[in-house]
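Have a look at the sequence and the model first.

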Amino acid sequence: QVQLVESGGGLVQPGGSLRLSCAASGIIFSINTMGWYRQAPGKQRALVAIITRGGNTNYADSVKGRFTISRDNAKNTVNLQMDSLKPEDTAVYYCNAELRRGVLERLQGYWGQGTQVTVSS
C-alpha cells in the first residue's frame with residue numbers, strides 16, 4: 001500500500017500565503033516525479049507544479065513567480081509554498097507521485113485525497 005497525505009490547506013485572504021505539504025508512505029522503492037495539481041469547481045484537474053528527483057521544476061504559467069515547489073527525497077515529501085494568493089487559486093489541491101514499489105516494478109502514479117484552498121476576503 002502507498003499513501004499520500006496532504007496537509008496545509010485552508011482559508012486565506014487575497015495576497016496571503018499558504019504552505020501545502022505531502023508525505024508519501026508505504027512500500028516505496030523510489031519516487032520519480034512529485035507534483036501538485038488542482039481542481040476548481042466545474043473545471044478539470046490541472047497541473048500546478050512538478051519537481052523531479054533531481055530538483056528540476058515546472059510550473060503552470062498562472063502560478064509562476066508566486067508558487068514554489070520543493071521536495072525532500074530522504075523523507076519522501078513534497079511542499080508547495082503559495083504566495084500572493086488570488087481568488088482564482090481557489091481549488092482542491094492534490095499531491096501526485098510517480099513511483100516504483102520495487103526495483104523491477106513499473107512506474108505508477110498515486111494521488112493524495114486532496115486539500116481545499118480557499119482564497120477569499
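S3 and S8 run antiparallel and are joined by six bridges; strands here are DSSP E runs of at least two residues, numbered from the N terminus. Within that pairing, Ser21 sits opposite Asn79 of S8.

A quick word on ground rules: this is a predicted model, where local features need pLDDT of at least 70 and side-chain atom pairs count only at pLDDT 80 or more, while totals for chains, interfaces and linings use all residues. Residues are numbered from 1 along each chain as its sequence is written, and side-chain values use heavy atoms, with hydrogens and water left out.

Zoom out and you get an open, antiparallel sheet of four strands, ordered S1-S3-S8-S7 (two strands pair if DSSP finds at least two bridges between them). S1 and S7 are the edge strands with a single partner each, so one side of each has no neighbour in the sheet. From one strand to the next, the twist averages 15° (axes are lines fitted to C-alpha atoms, with angles from 0 to 180 degrees between N-to-C directions).

Now the loop between strand S3 (18–26) and strand S4 (30–39): that's where Ile28 is found. Leaving out residues up to four places away in sequence, Ile28 touches Val2, Asn76, Leu99, Arg100 and Arg101, where contact means heavy atoms within 4.5 Å. Ile28 and Leu4 are 24 residues apart in sequence and 11 Å apart in space, C-alpha to C-alpha.

Tyr93 has its own set of contacts, with neighbours within four places in sequence set aside; among them are Glu6, Leu20, Trp36, Leu80, Met82 and Val117.
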